Amino acid sequence: MVSLHIRVLGDWTQRLYDYVDQTRQIKVYLDGPYGTPCLDVDGDRYKMFMFISGGIGITPMQSICNDILHQRKRGRDIKRVMFIWSVRDLFMVTSVLDYDKEYFQKNTNLRLPISFCPDLVVRGQPQEVMENYFHLTRERDSSKFEEANIRPEMQPDLKFGRPELPKLFSKMKGYASEMGETKVAVLTCGPTSLVNSAEKLCATFSSGGDTFDFHKEVFEF
């Protein structure tokens, strides 16, 4: 399955959105894909992964993560995956897709607030293998939680505020030590500030024989 995520940002993408909204189906020509991560994520080098994304930066991260999880299902030795995604409330709704309540009710399982759509990260992984941290950085007033499908008591992966990346890196370093691993692949995509923070933390935590190898993609907002 191929999923295309196109942000409305200008006249051309707005016309494309309006056209698809009216016709529902269009023919497209796909050429590619091109490019690969600078890290060898498909070989035997890494068994520990961190995926860090902000906003629409989840698009390539969830694709790579899902592929890693499918490889694990086929027998690859993957010991720990940590998926971190931060989103401003309503950002994904207003900037990516114009979801309405009817569509949302019909096409999601309500596992996260509306602001986290589209969320295509594979679920059902054992907790000892995969941890999810979905951060809503600008949540609504609690009186609007129901409208936004914000249900902290039923959404264990949901966090409020910005992710505390140093603590998460420290946690992953601890996992690596417990499991006898020395290499962690860190893949990031999102705003420059988020990507730069992750890169600096990779350098900071690459010590004592451990290496946090870094790959980045930058989406400007």
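A: Two strands count as paired when DSSP finds at least two bridges between them. Keep that rule in mind for this model, which is predicted. One case of facing residues: F83 stands opposite N132 in β3.

Q: How many bridges join β2 to β3, and in which sense do the strands run?
A: Strands of a sheet pair through backbone hydrogen bonds, and the sense is either parallel or antiparallel. Here, β2 (residues 80–87) and β3 (residues 130–136) run parallel, with 7 bridges between them. Another residue of β3, F134, has W85 opposite.

Q: How many bridges join β3 to β4, and how many β1 to β5?
A: Go pair by pair. β3 and β4 run parallel and are joined by 3 bridges. There, L136 has F160 of β4 as its bridge partner. β1 and β5 also run parallel, with 5 bridges. In that pairing, I52 stands opposite T188 in β5. β5 and β6 pair in the parallel sense over 8 bridges. A185 has D213 in β6 as its bridge partner.

Q: Which residues point to each side of β3, and are they buried or exposed?
A: In a regular strand the side chains alternate between the two faces of the sheet. In β3, M130, N132, F134 and L136 are on one side, while E131, Y133 and H135 are on the other. Every one of these is buried. Because 7 of the 7 residues of β3 are buried, the strand is largely enclosed by the rest of the structure. β5 is mostly covered, with 7 of its 8 residues buried. For the chain of 221 residues, the buried share is 43%.

Q: What does K173 touch?
A: Set aside its neighbours within four places in sequence. K173, in helix α5, is then in contact with F205, S207, D210 and F212. A polar atom of the K173 side chain lies 3.0 Å from the backbone oxygen of F205.

Q: Which aromatic residues form a cluster?
A: A pair of aromatic rings is described by the distance of the centres and the angle of the planes. The aromatic pairs number 8. Ring pairs link Y46, F49, F51, F83, W85 and F134. One charge also sits over a ring: R80 lies over the face of Y175, 3.8 Å from the ring centre.

Q: What share of contacts joins residues at least 24 apart?
A: Count contacts between residues at least 6 apart in sequence. In this chain, 76% of them join residues at least 24 apart.

Terms used. Residues numbered from 1 in each chain as written. Predicted model: local features only at pLDDT ≥ 70, side-chain atom pairs only at ≥ 80, totals over all residues. Heavy atoms only, no water. Helix = DSSP H or I, 4+ residues; strand = E, 2+ residues; numbered from the N terminus. Phe/Tyr/Trp six-rings, centres within 6.5 Å; stacked < 30°, edge-to-face > 60°. Lys NZ or Arg CZ within 6 Å of the ring centre and 35° of its normal. Polar contact = N/O pair within 3.5 Å; in protein donor to acceptor, adjacent residues only side chain to side chain. Contact = heavy atoms within 4.5 Å. Buried < 20%, exposed > 50% of the residue type's maximum accessible area, 1.4 Å probe, protein only.
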